[in-house]
There are 4 protein chains.
Amino acid sequence: MSDRLSLDTLNALDEAGFVAALDGIFEHAPWVAAAASGERPFASVTALHEALMAPIWAASRETQVAFVSAHPDLAGKAARAGDMAPASVAEQAGLGLDRLSDAEYARFETLNAAYRSRFGFPFVVCVRRLTRDAVLDVFERRLGHDPEAELAAALTEIGHITRLRLVERVEGPGMPAVAGRLSTHVLDTHKGGPAQHVRIELFEVGASGRARLAEALTNADGRTDAPLLSGAPLRVGSYELVFHIGEYFRTRALALPDQPFLGQVPVRFGIDDPEGHYHVPLVVTPWSYATYRGS
Amino acid sequence: MSDRLSLDTLNALDEAGFVAALDGIFEHAPWVAAAASGERPFASVTALHEALMAPIWAASRETQVAFVSAHPDLAGKAARAGDMAPASVAEQAGLGLDRLSDAEYARFETLNAAYRSRFGFPFVVCVRRLTRDAVLDVFERRLGHDPEAELAAALTEIGHITRLRLVERVEGPGMPAVAGRLSTHVLDTHKGGPAQHVRIELFEVGASGRARLAEALTNADGRTDAPLLSGAPLRVGSYELVFHIGEYFRTRALALPDQPFLGQVPVRFGIDDPEGHYHVPLVVTPWSYATYRGS
Amino acid sequence: MSDRLSLDTLNALDEAGFVAALDGIFEHAPWVAAAASGERPFASVTALHEALMAPIWAASRETQVAFVSAHPDLAGKAARAGDMAPASVAEQAGLGLDRLSDAEYARFETLNAAYRSRFGFPFVVCVRRLTRDAVLDVFERRLGHDPEAELAAALTEIGHITRLRLVERVEGPGMPAVAGRLSTHVLDTHKGGPAQHVRIELFEVGASGRARLAEALTNADGRTDAPLLSGAPLRVGSYELVFHIGEYFRTRALALPDQPFLGQVPVRFGIDDPEGHYHVPLVVTPWSYATYRGS
Amino acid sequence: MSDRLSLDTLNALDEAGFVAALDGIFEHAPWVAAAASGERPFASVTALHEALMAPIWAASRETQVAFVSAHPDLAGKAARAGDMAPASVAEQAGLGLDRLSDAEYARFETLNAAYRSRFGFPFVVCVRRLTRDAVLDVFERRLGHDPEAELAAALTEIGHITRLRLVERVEGPGMPAVAGRLSTHVLDTHKGGPAQHVRIELFEVGASGRARLAEALTNADGRTDAPLLSGAPLRVGSYELVFHIGEYFRTRALALPDQPFLGQVPVRFGIDDPEGHYHVPLVVTPWSYATYRGS
């Protein structure tokens, strides 16, 4: 995007300008940018981000806890009150955490309280890498951590949060990999070639239902023209692809039963690696199919 | 069942007794049994049923239409009014056709009227061989038939209805095959053997949701101790098996992601042959699976 | 077989008769049967065999070594000279070890010498559970054992040898499982059912070529009428099934290329468990296939 | 190649120069180039080839037969005597047709005589698009043609032959597609990712044995760095890929039997489309595999 700062510009600023340019990426912690300023020039945006994280990882436990504690509760009072850093507001809103029902809000309040009481700092997680259901799963899993592992987990999450913020603020060589990709491919092994014009729907699957994220048709190579998901982290969570195979085979005019063996083929799968490439193909006949995590 | 009549007994009755013994199987048509009576003795229950159908198939079109017309509308006024042969009552109730919402009732009324107006006789279908959604699919498909094909379709359905009634009334050698079977098998090709203790759920899938029909655990051979469905016709319709593979692989203590690639594996399939054997196995690893109509 | 002794008879003999009845099963070791005699009556042939092995496992190392040393070299001078117990003669002949070329004989001589020099007793293996190639593989693998593991391996093999001899001498309840089974199944997922009339060949694959062991046609259920191998231990080794799928699909009169994608489908696999059940199905279309170790 | 003529140059020559430049592509038929000369300029090499074939397809049957008759017998006396157009010499030599045993030579002589006697012209086939075994298959299949279909088949083959000669003589925009491609991909669904460092061998399979064409290792994406075959027509015929999966899984240090279920996995397949893309992947665990014609 044209309104991002170039890495060259950033490398050339004086320390105050550098700190100001990165304001808000690390919440309430201008000392982070100040500490990294002297390491300039950076050859890549990846190197810049690593240099920003370095003073945090090197800090005393007390400083680390204070740093984490400057973050707002997830879906907490600050979120309700509008009293949160602008970046956090947008990130939490992206997951609908600003529109929780009272019951959901109460569940977060309980988890937040349990977490603070156990660890002494607020729960921090990079919500842009998780579905809403996964946020709760991760929350509960991390409540079982021992305190040292959990402090490291919180700092790692801050690494993820700030990396995403940084790539929206700065452009230049060596951008960090922050985007994942989901793709598919439909092979018709009844005819021995790619299956064209198969309608595919992608859903996010949550405890309270599923939400459609994308719809596409396969092309002459049995693929979709664009990946089903790309350009951003894949949210850790549960998904379902639905391949409308019955419609497809009807167009091939085969002699199939009125009630075909395969109509809509759902493939439910989990994503665990937000920056990964998930290729989930379907190898299909009117009477069989196979799928796998491909590459 | 011990209260069924034996074929030998039936063979030995006088004609009036034979006709009385089969009363209600062919609705309002004692002439059917009377016509078959002289063909006795029958060597098998299958032969008995074929002999009962023979005079119907041999009758004039006028007689056939009158015969079909003696059947009640499906889910129609007679059903609401309780004015229907007892066998029909039970069969329609088995599909919940006696508990339709007003909207559903109205839809059946519309279809019944269109059908009668097109063909001159009521829509007859063997509801014990269909799910509720399939009844509507078949109804609409048959509305597109030409009249001769449709009369034959109606008589064929009466064959199915009466065959099922007959096997509940008479026992003896050569019982007609009226039951289908659904079975499964889970192979774990990660370890190279059957997958034991996999929880499996079976659902009927309808336009308005899915209803659970069965739940089972796989045994040491990766099969369920009993078929998932058996002992009756499989209702033509859409089904879903859900294999709880995530739970299973967790018990194998493999190094898998917190958000596993495969958790619940749904396999949605159609049944078109009520007396058929559907074997729907799952060949699975934590990263792949295949299924097919087996045998 | 009618000329086997019944377990009841064996249970009723006096000790001398019992020892005489089992003569030759444990080579040059009447003390084994004598030691087990007092444990009678045995409820099963399996229990009898375990009771015969028990004094061997309980003996001192010196006695065990002497016991093993009473066995002839594999394919050694005794075999060439005809100076071997009759049971050993037949067993080694079954693998063609009595018809070795001079080069093969020399290789066995070298291995036998190396083995004796390392362990102080001859190499013993149950040749009826191995292909000829597997004998050499096992020989070389066992040369790498440490002495205690190897003595146990030799006794375990004597257990296998004598179990097979025992089931040919004695019949009664609780026969030990000494037979494996190889079966197959061909599913045509192009048409959605079993593939009938598929010709299948089974080969043993060795370093010097492959030898055909069996040929069969699939029946209406896509299976062979009898297992491809059964009734004896499966020889550990390498095998190949060849499914003549091109011929099969030609009979289905599909529109396939002159040079079909699939003609003969070879499936090469290893057998490691002589008493196991190996089910090796083929799920096939003209353009794809899958196979796996099933159950 | 730099020594090819450019299409521009060819378009600019006078007719005599144009005919001379294409000499030998159409055997003993300068009239072909002369007839096409007036159609210049050609926008693509594909259009040039089509324009050269057009007068042949438009000619009288008598001219067509004379044109075909100017070609030498396949592997015939002319080949033995060195009395053949240079292009034909090289093409037939590429298949070893100049090094036939006496028995093979006799078989070709018999086929050539039968063919000439039936059709009145020599058998012409584009040998660069066939394996040696496939040449004989095609020869026998075409002997069954009716005369009109066979004359068209001969002209179609001359189209293939001359297209290949043309792309070696002329370069320019719109080159005809004369090359096929064979690729593979190995997915390890035991670990859920590409299988790296799998050794793969490719063989041509003939009646008298198999000949190794290529060997490759899979890279980090489970693919070979270059296609297994490319840059030329794929010869119609039978092939075998051998995937050394046993070696691969040994490097993963899994707990597998001494005699693994899968060691060398052969995948035998036919190629029917010389200019096609054959993608033949392997989806594999230590206990299962699947393959299919992919894309």
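## Interfaces and symmetry in a predicted model

Of the residues of chain B, A290(B) comes closest to the rotation axis that relates this chain to chain A, its C-alpha atom lying at 2.0 Å. The model is predicted, and this report describes how its chains meet before turning to some features within single chains.

### The interface of chain B and chain A

Two copies of a chain are related by a rotation about an axis and a shift along it. For chain B laid on chain A, the turn is 180°, the shift along the axis is 0.0 Å and the RMSD is 0.0 Å. The two copies are thus related as by a two-fold rotation axis. The contact residues agree with this picture: 100% of the interface residues of chain B are also interface residues in chain A, so the copies meet through the same surface.

In this interface, 29 residues of chain B are in contact with 29 residues of chain A. The size of an interface is often given as the accessible area lost when the parts come together. Chain B and chain A bury about 2,400 Å² between them, with 54% of that area on carbon and sulfur atoms. On the side of chain B, the residues that lose the most area to chain A are Q259(B), F261(B) and R268(B), which together account for 30% of what that side buries.

Polar and charged groups also meet here. Two salt bridges are found across the interface of chain B and chain A. The side chains of D258(B) and R141(A) meet in a salt bridge, with an N to O distance of 3.1 Å. Between chain B and chain A there are twelve residue pairs in polar contact. Four elements of chain B each give two or more residues to the side that touches chain A, namely α9 (132-143), β9 (237-244), β10 (264-271) and β13 (288-292). The largest share of that side comes from β10(B), with seven residues. By class, the side of chain B that touches chain A divides into 15 nonpolar, seven polar and seven charged residues.

Strand pairing also crosses from one chain to the other. Strand β13 (residues 288-292) of chain A is joined to β13(B) by five bridges, and the two strands run antiparallel. Within this pairing, S288(B) of β13(B) is the bridge partner of Y292(A).

### The interface of chain C and chain B

Chain C can be laid on chain B by a turn of 180° and a shift of 0.1 Å along the axis, with an RMSD of 0.1 Å. Of the residues of chain C, A290(C) comes closest to this rotation axis, its C-alpha atom lying at 4.7 Å. The same surface serves both copies, since 100% of the contact residues of chain C recur in chain B.

The values for the two interfaces are set out below.

| Property | Chain B and chain A | Chain C and chain B |
|---|---|---|
| Residues in contact | 29 of chain B, 29 of chain A | twelve of chain C, twelve of chain B |
| Buried area | about 2,400 Å² | about 870 Å² |
| Share on carbon and sulfur atoms | 54% | 58% |
| Salt bridges | two salt bridges | zero salt bridges |
| Polar contacts | twelve residue pairs | seven residue pairs |

The side of chain C that touches chain B holds four nonpolar, five polar and three charged residues.

### Features within the chains

Chain B contains an open sheet of three strands in the order β8-β3-β11, with mixed pairing. Its edge strands are β8 (229-230) and β11 (277-279) of chain B, each of which pairs on one side only. Strand β3 (residues 181-183) of chain B pairs with β11(B) in the parallel sense over three bridges, and S183(B) stands opposite H279(B) in β11(B).

Over all chains, the count comes to 78 salt bridges. One of them joins E247(A) and R199(A), whose closest N and O atoms are 3.1 Å apart. This pair links distant parts of the chain: E247(A) belongs to helix α11 (residues 245-251) of chain A and R199(A) to strand β6 (residues 199-206) of chain A, 48 residues apart.

Most residues other than glycine have a negative phi, and most peptide bonds are trans. H197(A), however, has a positive phi near 65°, and this residue lies in the loop between β5 (193-194) and β6 of chain A. In chain B, a cis peptide bond with omega of about 0° joins R40(B) and P41(B), and P41(B) is found in the loop between α3 (30-37) and α4 (45-58). In chain C, the peptide bond from R40(C) to P41(C) is cis, with omega near 0°; P41(C) is found in the loop between α3 (30-37) and α4 (45-58) of that chain.

Terms used: Residues numbered from 1 in each chain as written. Chains lettered and ligands numbered in written order. Predicted model: local features only at pLDDT ≥ 70, side-chain atom pairs only at ≥ 80, totals over all residues. Heavy atoms only, no water. Contact = heavy atoms within 4.5 Å. Buried area = accessible area lost by both parts, 1.4 Å probe. Salt bridge = Lys/Arg side-chain N within 4 Å of Asp/Glu carboxyl O. Polar contact = N/O pair within 3.5 Å; in protein donor to acceptor, adjacent residues only side chain to side chain. Nonpolar A, V, L, I, M, F, W, Y, C, P; charged D, E, K, R; others polar. Pairing = 2+ DSSP bridges. Least-squares fit on C-alpha atoms with pLDDT ≥ 70 in both.
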